[in-house]
Amino acid sequence: MTELPDRVVGDARTSDFGWSLLTDLTDIGNRMAGSTGERHGAERVVEAFEAAGLRNAGLDEFEIPGWWRGDSSLSVSGAVERHHGNSHEVIALPGTPSGEVTAPLVDVGDGTDEEFAAAGEALDGAVAMASSRTPESHDRWIHRMEKYVAAAERGAVGFVFRNHIEGALPPTGEIGYHNRPGPIPAVGVSKEVGDRLSRLAETAADGDGGGGRGSGADRPTVSLDVDCRNEPTTSVNAVAEVGPDTEEAVYLTAHVDAHDVSDGANDNGAGSALVAEVGRLLATVEGDLDTRVRLVTFGSEEIGLWGAYHSAETTPKEDIACVVNLDGACSSRNLRVGTNGFDGMREPFEAVADAFDAPLTTGETISPHGDQWAFVQEGIPAVMASTTSDQSGRGWGHTHADTIDKLDSRDLREVATLVTAAVYRFATGDVGADHRSRESIRDAIDEGYVEELKTGGRWPYDG
């Protein structure tokens, strides 16, 4: 493995190629999976691939279970009566069915197993509400999918997902059932709306002797009205290649789709822009590369990693040396790499961080969140590269506020430099991480993630 030439580093540090692409992607607006905007975003990435001198640039189409948003509302009655119907207060969660329900509200806090257990029988026939927060004391992030499925399995007839980040920003996100739609209506509400609902539920509980969160006859009643469509459609991956025409390839990936309520700047327009920019930079040293680099921006990540699964399922495993997936990689210049237990994938990033005196954090946990999972589950070495910042959890992601003004072009250039240097190392020498068996991956997944994947039918293994 060799060092990235200085002239390429200089090019990366002064380029506006990636930022221009990111700007164009965010200006498209709605890039929801299966939408016209998603296809326009992928077409714009292909244009960037072609402008960068990459070969075989084009679109790869596949089928998905599409979802289209209608209007949603939430009304509360009881001691306080309010109606929330503005899209900046209430939004449906992708994969939810249409429907109307009216039932008592039960607040399950952060949606931990302990909080669901404490709610007990009160959840049967209720609307359950859970925060987007995961307690700092918890050993892993609790995905909204788990909270939704836990509510449905305990008899809830509706689900409210409340943001823990202030700013009148209702969060969206896939609710996780593989066979869509899910069983109960689900909406996201802002922290401010959620705090009011939580206060009303807590007041009712205190008023009847404190029989648990939201218990008792005086619990507030919530009415959910969700309008949406769940119908098959198509999505696309944008693809291109650089380097020698070897059978095996190093994959550099991101996802181009974004939730329809958002411009999808950091999640994940920045990732798509970085893939194109790294491809452009590698094209300037194409003669140095020993291994083909395949660049892919996936469609339909946000509703179930469909583009990544399409790519993994239509490519022989032995043709993929490794995967570097970029997602949420422009919130700062502080790179984080989740190695999914592939030690040989960590070392090139550590070497690059040392060479550039750049901060780097790494994690070893096998995570099912992100497009790399479609490859990891098959034993293919794959990492998730993102950036860390002072924002809590997802931050602006999956909300109206994921806009380009939150990002900095200097951060994009720095991350592009580091990722290019790392991929250059992978493509100019043997990848140090070996493929593993599906069984060894299955057996190494943390118990909590096993439980999460089995809820909603997303466990990819037998037994």
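Visitor: Let's start in the strands. Which residue is the bridge partner of T253 in β11?
Guide: That's N325. Keep in mind that this is a predicted model.

Visitor: Okay, and which strand does β11 pair with there, and in what sense, parallel or antiparallel?
Guide: The partner is β9, residues 249-255, and the two strands run parallel. Five bridges join them.

Visitor: What about β14, how many bridges does β11 make with that one?
Guide: Four bridges, again in the parallel sense. β14 covers residues 382-387.

Visitor: Which residue of β14 stands opposite V323?
Guide: A382 is the one opposite V323.

Visitor: How many of the residues in β11 are buried?
Guide: Seven of its seven, so the strand, residues 320-326, is mostly covered. Buried here means under 20% relative accessible area.

Visitor: Switching to helices. At what angle do α7 and α11 cross?
Guide: Roughly 55 degrees, and their axes come within 9 Å. α7 is residues 265-283 and α11 is residues 409-427. The two helices are therefore oblique to each other.

Visitor: Is that crossing left-handed or right-handed?
Guide: The crossing of α7 and α11 is right-handed.

Visitor: Which residues meet there?
Guide: From α7 you have A270, L274, E277, V278, L281 and L282. On the α11 side they meet L412, V415, A416, V419, T420, V423 and Y424. By class, the contact has eleven nonpolar residues, one polar and one charged.

Visitor: And how does α1 pack on α7, at what angle?
Guide: At about 150 degrees, with the axes 10 Å apart. α1 is residues 6-14. Those two helices are therefore roughly antiparallel to each other, and α1 passes α7 in a right-handed crossing.

Visitor: Which residues of α1 and α7 meet?
Guide: V8, D11 and A12 in α1 meet E277, R280 and L281 in α7. That contact has three nonpolar, no polar and three charged residues. E277 and L281 are also among the α7 residues that meet α11.

Visitor: New topic, T172. Where does T172 lie?
Guide: T172 is in the loop between β6 (158-162) and β7 (186-189).

Visitor: Buried or exposed?
Guide: T172 is buried, with a relative accessible area of 1%.

Visitor: What does T172 touch?
Guide: Leaving out residues up to four places away in sequence, T172 touches R69, I91, A92, L93, P94, R144, H259, V261 and H398.

How values were computed. Residues numbered from 1 in each chain as written. Predicted model: local features only at pLDDT ≥ 70, side-chain atom pairs only at ≥ 80, totals over all residues. Heavy atoms only, no water. Axes fitted to C-alpha atoms, helices over the stretch in contact; angles between N-to-C directions. Parallel < 35°, antiparallel > 145°, perpendicular 65-115°, else oblique. Left-handed = near helix turned anticlockwise from the far one by under 90°. Contact = heavy atoms within 4.5 Å. Nonpolar A, V, L, I, M, F, W, Y, C, P; charged D, E, K, R; others polar. Buried < 20%, exposed > 50% of the residue type's maximum accessible area, 1.4 Å probe, protein only. Pairing = 2+ DSSP bridges.
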